[in-house]
Amino acid sequence: MSGAPGIRFEGVTLARQGRVALDGVDLQLTEHRVALIGANGSGKSTLARCVIGLERPTAGRVLVNGVDVRRHARRVRRDVGFLFSDPDHQIVMPTVREDLEFSARRRGWSAAQREEAVQTALARAGLEGHADHPCHLLSGGQKQLLALGAVLMAGPSILVADEPTTLLDLRNRRRVSAELMALEQQVVIVTHHLDLIEEVDRVVVLDEARVVCDDVPSVAIPFYERLMA
Ligand SMILES: Nc1ncnc2c1ncn2[C@@H]1O[C@H](COP(=O)(O)OP(=O)(O)OP(=O)(O)O)[C@@H](O)[C@H]1O
């Protein structure tokens, strides 16, 4: 059941309580790093959540690596990691190490392989000295790096991040963004932080539930700034 890599939105429309959140969105996202930008309420998070079946289109369909999300949501969720704005929404275990180990269990690894992966993830997140600390005592930036580490531990081929830097100070915003931009996986990032997406391969601008610009950052970001002026 393998198919075209990446994410495909085919005529995706989503209406809730008579209001249209997405209106006929057609996109084929195959680039390594894609940003979704747009005004508050333009539909970015709704579109991102459709990728893992957290939202269901009223019409149209979403395919991930050629697999229909509606028909095979569990399979798609194994392929797609999702990073929320608030890491507290996805840190599930009491300590840093336990949280990473929890995600590693999906992989069918031996105990030794899991331990090696946990150590690598701790180092990558700069949390080596915090392995046995309670997660709730971490700073916001540390929590987001832990959440990212745990999501990656599950081995996704695509990462969707919904405003992952919104709650962070400038230093942590840059740190988390640099981690995301350096990933080998395809990354789709929803953000209002335009300075962080200057290096992405493609920027999709949403406005009032529709795609109004789809281009490289040097074209799409100024387009959006004019739209907001
Ligand atoms: N669970 C929900 N129930 C009802 N309406 C919702 C729900 N989630 C979002 N909406 C509405 O759908 C529209 C699109 O919202 P969405 O969160 O996708 O926008 P967004 O572009 O991500 O906005 P923001 O930048 O503020 O996060 C908005 O009108 C919003 O109020």
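Helices (H or I, at least four residues) and strands (E, at least two) are taken as DSSP runs and numbered from the N terminus. Residue numbering starts from 1 along each chain as its sequence is written. The model is predicted, so that local features need pLDDT of at least 70 and side-chain atom pairs count only at pLDDT 80 or more, whereas totals for chains, interfaces and linings use all residues.

The ligand is surrounded by Arg 16, Arg 19, Ala 21, Gly 38, Asn 40, Gly 41, Ser 42, Gly 43, Lys 44, Ser 45 and Thr 46, a residue being near a molecule or strand if its C-beta atom, placed from the backbone, lies within 6 Å of it. At least two residues of this shell come from each of strand E2 (19–29) and helix H1 (44–50), and the largest share, 3 residues, is supplied by H1. By class, the shell holds 1 nonpolar, 7 polar and 3 charged residues, where Ala, Val, Leu, Ile, Met, Phe, Trp, Tyr, Cys and Pro count as nonpolar, Asp, Glu, Lys and Arg as charged, and the others, Gly among them, as polar.

Helix packing was examined with axes that are lines fitted to C-alpha atoms, for helices over the stretch in contact, and with angles that run from 0 to 180 degrees between N-to-C directions. The axes of H3 (residues 96–104) and H4 (residues 111–124) come within 10 Å and cross at roughly 125°, which makes H3 oblique to H4, given that angles under 35 degrees count as roughly parallel, over 145 as roughly antiparallel, 65 to 115 as roughly perpendicular and the rest as oblique. In this pair, Arg 97, Leu 100, Glu 101 and Ala 104 of H3 meet Arg 114, Ala 117, Val 118 and Ala 121 of H4, contact requiring C-beta atoms, placed from the backbone, within 7 Å. The residues of this contact divide into 5 nonpolar, no polar and 3 charged.

The axes of H3 and H5 (residues 140–153) come within 7 Å and cross at roughly 25°, and H3 is therefore roughly parallel to H5. Their contact is made by Val 96, Asp 99, Leu 100, Ser 103 and Ala 104 of H3 with Leu 146, Gly 149, Ala 150 and Met 153 of H5, comprising 6 nonpolar, 2 polar and 1 charged residues.

For H5 and H6 (residues 170–181), the axes come within 9 Å and cross at roughly 10°, so these helices are roughly parallel to each other. Here Gly 140, Gly 141, Gln 144, Leu 145 and Leu 148 of H5 meet Asn 172, Arg 175, Val 176 and Glu 179 of H6, and the contact divides into 3 nonpolar, 4 polar and 2 charged residues.

Notes: Two residues are in contact if their C-beta atoms, placed from the backbone, lie within 7 Å.
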